[in-house]
Amino acid sequence: MAEDPRLTPADYLDRFFDELRLEVRSNPKLAARLVKALGGNVVFADEAKADVANPYALAASGSKSRFYSVFATMKPSQVKRVMRENNLATSVDMAGKNVSQLIDMMFERATSKVSERRSSVF
Amino acid sequence: MTASGVQVNTLTSATAAASEGSQVQRMAVDWRSGETRRTPAVMSAIANLKGGVGKSTTTVMLADGLSYFYGMTVLVIDLDPQANSSQMLLTERGVQAASDQGKGAHHLLAEFVAGRPASAAPFIMPNAVSLEELRVAEEQDERRGWISILPSHPQLRLREMGLEEDWYSRTGTPTSLAKSLTDYFRTAFAPLETLYDVILIDCPPHLSPLARAGLALSNVYITPTIADSVSTWGTKQFSEWIGTHVAPDLAERNFVLITRFRDTRYARQVASDLRDVYLKDRWFGPTIPESVHVLNAMDRPAYDSYNTFRGKYGGVKQDVRRLAERFSDFLAQRTGSTWQKIRD
C-alpha cells in the first residue's frame, strides 16, 4: 500500500489503531486473543464473558474457585451457551437445572475431559 | 458405578440387552413370502486401507441412523486400536471404565491367547446409546432401536503385537494367525447373530491379522472414501486386496460412501469419476459433507449425556437419514429382507 503524502507517520498509524480499537470493542473474542498474545490481565464486561471464557483452560488451571468465580456471575442463558459451544452439555442434559447445578456439571465435565486428553508425560 | 464414577453397565449381559429388544426388532419382512421373520445379523465391515476417510464417523452415523429410523438392534465391533468409534459412543472416560470392567476386544483377544472357549458376549458393553429418544423408549420398556458395542482400546494393538511375536516365533504366519482369529471370532460371535439386526465392524486402516479377521467375517463391505486423488487410489488398492483375498464378488457386496465432502469443482469432478468410472459397479450412499455438525455430533459431552437426534446431528440430520435409508435398501438387495421405518 502506497504511503499517503498528506499524513504524518503518527497519523498514518493512528488510523490503524483506531480500526483495531473499534474492532476490539465489538469483538470480545479478538480482544481476548490479543490480550492473551500480549500476556496481560484484564477484566471483561459481564456481557462479553460468555464469549471469551474458556472452561477447559480454566479447569486445566486447577483452580476450582477461579472457575466458579468466572461463571457464577453469568446469567443462566450465558452459562448454557458456554456449555453448548464447548460441547460440555446438550439441551437435554441442561433441562431443569439451575445455574449452580449447571456450573457443577460444567466443572466436572471440563475437568474430566482435560484429564482424559492432556498427556501425563508433558 | 466404577471407582471413577462412571456407570458403564446398566444391564447384566449383552445377550440380555439384545434379546430384550428383539420383541420389537423383529421387523425383517421376506420379500418373496411376505412373512415377517428374524434374519441373522448382517456383518458389515467399515473398511478402507487409507486412514482419515471417516470410517469411525460412518460407523457411528450408521449405528445411530439404523437404530433411530428403523428400530434396529445394532452391535458395533471396534477392531481399530485407535478406538475412535468407541470414544465417540462411550467417551474417553467410558472407554477406560469399560476396559477396567473387563469389557473390550483386547480382553476377547486375551481369551484367544489363553486358549479359552470363544464367547464374545461377556466383553460387550450392552449400552452405547446416546440418543434421548432411544433412552426414553427403553426407560418406558418400549425399546425402539438399540446400540451395543464391543469397544476397542489402545491396548488392543499391544496385545496383538505380543500375539504376533509369539505366533511367528513358532513358525506361524500372518495368514495362519488371521485364519485362526477368524475361526475363533466366528465361534465367539455366532450366538449374537440372531440377537442383532446389524453388526458393524470398524476395521483399522491396515491389514493386521485382527483386521483381516474382521474382513473375513463380514458379509458386506462399507467403504468410506474422500473425493481426492490419493483416496481414489487407496480405494483401488482396497478393492484389489479384498477382491483377491476375501471376496471375489466384492462389487456386489460393496457400499461406498463419499465423506468429508467439500463442495468444490475439483471434489465434484472426483466424486463423479468415482461413481461413473472407477467404482461404477458399486452401491453409493449419500455424500456426507465436511461439517462442523459432524464433528460436534462425534464429541459426546459425557457418558451420561444424551441428545435428541435433531440436537445431535443438527445440519446433517437429513444426511444421516439418507445414509440409513440407502444402506437399508442395500441390505434389502443383499438379504432379500426389508426393514420398516419407524421414525421420519
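## Chain B

Chain B exposes about 13800 Å², of which carbon and sulfur atoms supply 51% (accessible areas come from the Shrake-Rupley method with a 1.4 Å probe; for residues, only the protein chains shown count as cover). The model is predicted: local features need pLDDT of at least 70 and side-chain atom pairs pLDDT 80 or more, while totals for chains, interfaces and linings use all residues. Residues are numbered from 1 along each chain as its sequence is written, chains are lettered from A and ligands numbered from 1 in the order written, and side-chain values use heavy atoms, without hydrogens and water.

In chain B there are 14 helices and nine strands (DSSP runs numbered from the N terminus: helices are H or I with at least four residues, strands E with at least two). Of its 344 residues, 59% are buried (under 20% relative accessible area; exposed is over 50%, partly exposed in between; 1.4 Å probe, protein chains only).

## Residue B:S99

B:S99 belongs to helix α3, residues 84-100 of chain B. B:S99 has a relative accessible area of 11%, so it is buried. Apart from neighbours within four places in sequence, B:S99 has contacts with B:H106, B:H107 and B:H153 (contact: heavy atoms within 4.5 Å).

## Chain A

Chain A has eight helices and zero strands. Its radius of gyration is 19 Å, well over the 14 Å from the globule rule for 122 residues, so chain A is more spread out than a compact globule (the radius is taken over C-alpha atoms; the rule is 2.2 Å times the number of residues to the power 0.38). Buried residues make up 29% of the 122 in chain A.
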